[in-house]
Amino acid sequence: MIIREAKDTDRAALERIARESFTGAYALFAVRGLRRAKPLLVAEEGGSLIGFLEGKAFRGRSSIGYVYFVAVDSRMRRRGIGRRLVGEALRRFEAGGATQVFAAVTRDNASSQALFAASGFREAPRGALWRLFRWRAFRVRLRMVLAPHEVLLVRTFTDPSPASAQGA
Ligand SMILES: CC(C)(COP(=O)(O)OP(=O)(O)OC[C@H]1O[C@@H](n2cnc3c(N)ncnc32)[C@H](O)[C@@H]1OP(=O)(O)O)[C@@H](O)C(=O)NCCC(=O)NCCS
């Protein structure tokens, strides 16, 4: 399995995974986001696309990354693909100078909560973005509106990774 940046020709396969993975407005936003995300990472195995991650870097005095959507083909879950996608996004955000990476996850999405926890994310206060970015937060938050049933998660690069915390 490889993780790589998406190409235009991946679009139809990614839309299929997005539509089967999300419902309602989330499906709409996930499909729409395929055009704008950067990075847009895909997982590919044997020539088939089996997952994707939509991210975005916000640059400024402090730079942050944001993971908007991560989805894995329903037949391929629990094989470490989500973890690889998130890990690669974290690596790219950190290499690009980000100090923190945020994600918003619905409170009842156990698999997603567990994936982000396994990737070193922890719950952040809902005002964290505002405090970090002050006025710039208006711009940031326009693209990161948190619904009441969503939890804001953060991975800070100075935190030990789950692997190093376990002494691995
Ligand atoms: C969330 C999602 C992307 C996880 O992808 P995945 O490839 O199955 O995840 P991984 O196999 O890499 O799992 C990594 C870790 O996350 C946790 N995890 C993932 N799915 C889990 C589940 N259903 N229940 C409990 N823990 C889970 C585990 O800790 C797992 O590590 P382990 O298998 O060693 O125990 C996938 O379930 C999915 O596409 N869901 C629908 C879309 C969605 O809700 N996306 C998230 C919101 S943006």
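Analyst: In this predicted model, 7 strands make an open sheet, ordered S1-S2-S3-S4-S5-S7-S6, with mixed pairing. Strands S1 (2-5) and S6 (122-123) are at the edges; each has a single partner strand, so one side of each lacks a neighbour in the sheet. Local features need pLDDT of at least 70, and side-chain atom pairs count only at pLDDT 80 or more, while totals for chains, interfaces and linings use all residues. Residues are numbered from 1 along each chain as its sequence is written.

User: What makes S2 and S3 paired strands?

Analyst: Strands are DSSP runs of E, at least two residues, numbered from the N terminus (helices are runs of H or I, at least four). Two strands pair if DSSP finds at least two bridges between them. S2 (residues 40-45) and S3 (residues 48-58) are joined by 6 bridges, so they pair; they run antiparallel. They form a hairpin with 2 residues between them. Gly-46, in the turn, has a positive phi of about 55 degrees.

User: Which residues stand opposite Leu-53?

Analyst: Leu-41 faces Leu-53 of S3. In S4, Val-70 is the bridge partner of Leu-53. S3 and S4 pair antiparallel over 8 bridges.

User: In which sense do S4 and S5 run?

Analyst: Parallel: 5 bridges join S4 to S5 (residues 98-106). Val-67 stands opposite Ala-103 in S5. Helix H1 (residues 11-21) packs on the sheet, touching S2, S3 and S4. The direction of H1 makes about 85 degrees with that of S3. Contact is C-beta atoms, placed from the backbone, within 7 Å. Axes are lines fitted to C-alpha atoms, for helices over the stretch in contact; angles run from 0 to 180 degrees between N-to-C directions.

User: How do you know that the span of H3 agrees with its number of residues?

Analyst: The expected span is 1.5 Å times one less than the number of residues. For the 15 residues of H3 that gives 21 Å; the end C-alpha atoms are 21 Å apart, so the two agree.

User: Which helix gives the largest share of the shell around the ligand?

Analyst: H4, with 6 residues.

Notes:
Two residues are in contact if their C-beta atoms, placed from the backbone, lie within 7 Å.
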